[in-house]
Amino acid sequence: MPKIVRLESFADEFVCFVKATAEDGAIGWGQTSTYNADITQQVFHRQVAPHALGAGCEDILGLVQRIEEKEHKYPGSYRCRALAGLDTALWDMRGRREGRPVVELLGGKARPIRAYASSMKRDITPEDEAARFVRLRDEQGFDAFKWRVAAECGRDVDEWPGRTEAVIPTVARALGDGVAKLVDANSGFSVKRAIDVGKRLQDNGISHFEEPVPYWDLEATRAVTEALYLDVTGGEQDWDLATWARMMAMGAVNVVQPDVMYMGGLSRTLLVCEMAARHGLPVTPHSANLSLVTICTMHLLGAIPNAGKYLEFSIEGPDYYPWQQDLFLGTPFAVEAGRLRIPDGPGWGVEINPDWLDRAIYRESLLG
């Protein structure tokens, strides 16, 4: 089994790509989680790379779990964000070795996959949000949309007074029938307020209510779920497998939403998907920007048997996410009839832009 002999990273404040090299020259590209990625880069080289160098490339989950054990005094988000860089690079390496896309390694196939157009904005008027959704529906064929209500962790204080009550019917009516409608509260409401808003969502044909209350309060989430008939969803922030087990066992949500990068990579995310399957729950992952997280999620959804209805696809451009521009060569996020095609090249099937890499903060860890 070839050993890992070199781990390189390329980072800025928002993104950190990882390149793994094996002793036989095989390579793979991955990514840590976005945001504060320059900090995650330090964690990667201090607390992940030393345990990975000299290890075999094949048992990816086993290696990730061993690193978790070695770094057992440091459980938490940053450890998982850093582990994602190693995990996703090794999956890419495996795909490149076999000449197959990751989706095929998982038992699926590269194909078009339905997406929902996901808005990240709260500083947008209901009328402007409705107008850009209608334009995307007509020009790119999206038949599912998600928009924001509440204020992020807002404690029942809206982004501005009355916005939630205005944006729900304005967008829903503009989109009309035959379109899936989703909203995200980002932990913004109390239980009582969330239930009141949830009933308003149901009255307007909205089927998905994401993080209605503080996500860490599973009992509060379950109270909202039990009071409504639409799907209450969550889990994007969660990385701890014990929390996932409790969330599902207690029936806190109807749909689980792991983020591949927050989780620590594909291998740990697959454990959540398997857990969800045992509970009869669909998986609609969180993938809120156009970095490698959305590519990895496409491969995941193309393979798991309990995949949700759609892929989250951010519609925000350079005005909102200037850092996500020009990360890759080509057009890996081309939309046709509201669908994106899972890349069919080896590994993740994308190539990182060398010009971006040339501008990044570079670090390496070598065996010995």
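A cavity here is a set of grid points where a 1.4 Å probe fits but cannot get out, and a residue counts as lining when it has an atom within 4 Å of such a point. Keep in mind along the way that this is a predicted model.

**Stop one: the second largest cavity.** Select W29, D92, R96, L292, W348, V350 and I352, which line the second largest cavity. The volume of this cavity is about 40 Å³. Colour the selection by class and you will find 5 nonpolar residues, 2 charged ones and no polar ones.

**Stop two: the largest cavity.** How many cavities of 30 Å³ or more does the structure hold? There are 2 of them, and the largest has a volume of about 90 Å³. For its centre, pick Y215, T221, G234, G235 and V253, the closest of the 13 lining residues. Next, show helix 8 (218–227) and strand 8 (231–234), the elements that each give two or more residues to this lining. By class, the lining of the largest cavity comes to 7 nonpolar, 4 polar and 2 charged residues.

**Stop three: the largest pocket.** Now move to an open space: the largest pocket holds about 490 Å³. Select R148, E152, N186, E236 and H286, which lie closest to its centre among the 27 lining residues. Strand 5 (144–148) and helix 10 (260–263) each supply at least two residues of the lining of the largest pocket. Its lining divides into 10 nonpolar, 7 polar and 10 charged residues.

**Stop four: the second largest pocket.** About 240 Å³ of space lies here. Of the 13 lining residues, L290, Q324, Q325, D326 and F333 are the closest to the centre. Colouring the lining of the second largest pocket by class gives 6 nonpolar, 5 polar and 2 charged residues.

**Last stop: a helix pair.** Show helix 1 (residues 37–52) and helix 3 (residues 77–98) as cartoons; their axes come within 8 Å and cross at roughly 65°. Are the two helices roughly parallel or roughly perpendicular to each other? Angles of 65 to 115 degrees count as roughly perpendicular, so helix 1 and helix 3 are roughly perpendicular. The crossing is right-handed.

Terms used:
Residues are numbered from 1 along each chain as its sequence is written. This is a predicted model: local features need pLDDT of at least 70, side-chain atom pairs count only at pLDDT 80 or more; totals for chains, interfaces and linings use all residues. Side-chain values use heavy atoms; hydrogens and water are left out. On a 1 Å grid over the protein atoms alone, a cavity is a set of points where a 1.4 Å probe fits but cannot get out, and a pocket is an open set with protein on both sides within 12 Å along at least five of seven lines; lining residues have an atom within 4 Å of a point. Grid points are joined across faces, edges and corners, and a volume is the space filled by probe spheres set on the points. Helices (H or I, at least four residues) and strands (E, at least two) are DSSP runs, numbered from the N terminus. Ala, Val, Leu, Ile, Met, Phe, Trp, Tyr, Cys and Pro count as nonpolar, Asp, Glu, Lys and Arg as charged, and the others, Gly among them, as polar. Axes are lines fitted to C-alpha atoms, for helices over the stretch in contact, and angles run from 0 to 180 degrees between N-to-C directions. Angles under 35 degrees count as roughly parallel, over 145 as roughly antiparallel, 65 to 115 as roughly perpendicular and the rest as oblique. A crossing is left-handed if the near helix is turned anticlockwise from the far one by less than a right angle, and right-handed if clockwise.
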